[in-house]
Amino acid sequence: MCELLEELRCATCHTVNALWLDPVRALVECRACGQIALIVLDVNEGRFT
């Protein structure tokens, strides 16, 4: 269930359209160089309850 992050550039290798979001594992991975970044998911999607 990965999703391509279009028009974004990897900060390490500067490749465009190589970043993939994996919300299940909470990370973004560059398919060109293998760099991985952990992300923080907002379970409430910005809504206050």
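In what sense do β3 and strand β4 pair, and over how many bridges? Keep that in mind while we walk through the fold. One caution: this is a predicted model.

Start with the overview. The protein has zero helices and four strands. Read from the N terminus, the elements go β-β-β-β.

Now the pairing. Take strand β2, residues 19-22, and strand β3, residues 27-30. These two run antiparallel, and four bridges join them. Find Asp-22 on your screen.

Next, back to the opening question. β3 pairs with strand β4, residues 36-38, in the antiparallel sense, over three bridges. Leu-27 turns up again here. Its bridge partner in β4 is Leu-38.

A general point for reading strands. In a regular strand, side chains alternate between the two faces of the sheet.

Last, the whole protein. How much of it is buried? Of the 49 residues, 20% are buried. The exposed surface comes to about 4,000 Å². Carbon and sulfur atoms supply 55% of that area. Then the contacts. Take those with a separation of 6 or more: residues 24 or more positions apart account for 2% of them.

Key: Residues are numbered from 1 along each chain as its sequence is written. This is a predicted model: local features need pLDDT of at least 70, side-chain atom pairs count only at pLDDT 80 or more; totals for chains, interfaces and linings use all residues. Side-chain values use heavy atoms; hydrogens and water are left out. Two strands pair if DSSP finds at least two bridges between them. Buried means under 20% relative accessible area, exposed over 50%, partly exposed in between (1.4 Å probe, protein chains only). Contact means heavy atoms within 4.5 Å. Accessible areas come from the Shrake-Rupley method with a 1.4 Å probe; for residues, only the protein chains shown count as cover.
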